Amino acid sequence: MDFTVFSFVLLFFFAFISEFEKINVEINKIAILRELTLFEQSKEIIAKLEDKLSKNNLDANQKKYLQSSIAVEKARFFLQENKAEKGISLLKENDFSANEKNQNFNELKFNHLTTLGRLYVENKQLTTAENCFQSAIKMLNQQGEENSYLKIDALRGLAQVYSLKKEHEKAVIAAEEALGYAKRFNNLFLQVKISEELAGIYLALNNLEEYKITNAKFFELQDESEVREQEDINMAYNLISDEHDNKYNAEKASYFNIGYAILGFLLLVIAACVF
């Protein structure tokens with residue numbers, strides 16, 4: 001598709017998305033920048049969202065959604081900075097999941113649970129972490145509409161917990177299920193990461209036959225994924241560079257917002273790998 005036409009389509013789309021979806025675009029930008037180790041730029045977006053929150057031009061639901069989204073992203077930075085206790089405290093202070101029925105909050109509730117689960121893993125509270133990931137999976141199952149990306153995220157967390165608890169058979173089941181979802185929609189990056197994790201579990205079980213098969217598949221997929229991953233990273237850097245060069249151009253700013261949203265899909269696995 002011609003770049004100008006593509007730009008126009010993205011601008012047209014952005015004009016019609018909801019306030020919740022616009023917030024999600026900003027959250028996707030934070031995740032992508034963090035995965036590119038552009039931490040300063042990522043935290044700048046959090047600061048802008050906090051400024052937006054302070055202006056009180058959102059309705060009650062939008063304000064709650066934005067506040068909770070900011071808390072999750074800050075907690076993920078705490079996880080990355082080995083400050084699990086701070087992340088846990090922050091998410092407990094912003095726990096809305098039990099009483100929130102608005103469907104716009106479904107994915108955010110999931111992210112709240114899985115981020116909390118990872119923080120508990122970091123803090124060596126494995127049973128509590130397991131409960132978080134199990135609750136996230138149960139929530140997805142009850143919603144009826146299957147989201148394979150989210151399911152993979154929770155299953156990988158659960159497999160990590162089982163591995164740390166030396167319950168390796170359970171870890172295999174969780175990891176195999178996650179790999180099945182990744183294969184179903186041919187996500188090469190997730191297949192690479194999960195295959196690597198699964199090989200480690202088989203090694204811990206001393207199942208050398210399955211370890212060799214899975215590890216060989218991991219290296220095969222890794223070679224294939226490296227080229228595609230570099231293409232996606234280059235695309236992200238180009239968009240970021242162009243955005244900074246043209247940050248006062250409102251039309252391009254709208255385009256870049258959607259560009260980040262699309263990159264959020266393309267680079268989902270890179271974001272997932274942080275945890």
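A crossing is left-handed if the near helix is turned anticlockwise from the far one by less than a right angle. The model I am reading is predicted.

**Entry 1: H4 against H6**

I looked up the angle for this pair. H4 and helix H6, residues 106-122, pack at about 25°, with their axes 10 Å apart. H4 is therefore roughly parallel to H6, given that angles under 35 degrees count as roughly parallel. Next I listed the contact. From H4 come Tyr65, Ser68, Ser69, Val72, Ala75, Arg76 and Leu79. H6 brings Leu108, Asn111, His112, Thr115, Arg118, Leu119 and Glu122. I sorted these by class and got six nonpolar, five polar and three charged residues.

**Entry 2: H4 itself**

I then checked H4 end to end. H4 has 21 residues. The span from its first C-alpha to its last is 31 Å, close to the 30 Å expected at 1.5 Å a residue. What caps the N-terminal end of H4? I find Asp59 there, with a side-chain oxygen 3.1 Å from the backbone nitrogen of Asn61.

**Entry 3: H3 against H4**

Here I took helix H3, residues 39-54, with H4, residues 60-80. Their axes come within 10 Å and cross at roughly 155°. H3 and H4 are therefore roughly antiparallel to each other, as angles over 145 degrees count as such. I record the crossing of H3 and H4 as left-handed. On the H3 side, the contact is made by Phe39, Ser42, Lys43, Ile46, Leu49, Glu50, Lys52 and Leu53. On the H4 side I have Lys63, Leu66, Gln67, Ile70, Glu73, Lys74, Phe77 and Gln80. By class, the contact has seven nonpolar, three polar and six charged residues.

**Entry 4: H2 against H3**

Last, I turned to helix H2, residues 19-35. H2 and H3 pack at an angle of about 155°, and their axes are 7 Å apart. So H2 and H3 are roughly antiparallel to each other. H2 passes H3 in a left-handed crossing. Which residues of H2 meet H3? I list Glu19, Glu26, Ile27, Lys29, Ile30, Leu33 and Arg34. They meet Phe39, Gln41, Ser42, Ile45, Ile46, Leu49 and Lys52 in H3. The residues of this contact divide into seven nonpolar, two polar and five charged. I marked Phe39 on both lists, as part of the H3 contact with H4 and of the H3 contact with H2.

Note on methods:
Residues are numbered from 1 along each chain as its sequence is written. This is a predicted model: local features need pLDDT of at least 70, side-chain atom pairs count only at pLDDT 80 or more; totals for chains, interfaces and linings use all residues. Side-chain values use heavy atoms; hydrogens and water are left out. Axes are lines fitted to C-alpha atoms, for helices over the stretch in contact, and angles run from 0 to 180 degrees between N-to-C directions. Helices (H or I, at least four residues) and strands (E, at least two) are DSSP runs, numbered from the N terminus. Angles under 35 degrees count as roughly parallel, over 145 as roughly antiparallel, 65 to 115 as roughly perpendicular and the rest as oblique. Contact means heavy atoms within 4.5 Å. Ala, Val, Leu, Ile, Met, Phe, Trp, Tyr, Cys and Pro count as nonpolar, Asp, Glu, Lys and Arg as charged, and the others, Gly among them, as polar. The expected span of a helix is 1.5 Å times one less than its number of residues. A polar contact is a pair of N or O atoms within 3.5 Å; within protein, one must be able to donate a hydrogen and the other to accept it, and residues adjacent in sequence count only if both atoms are side-chain atoms.
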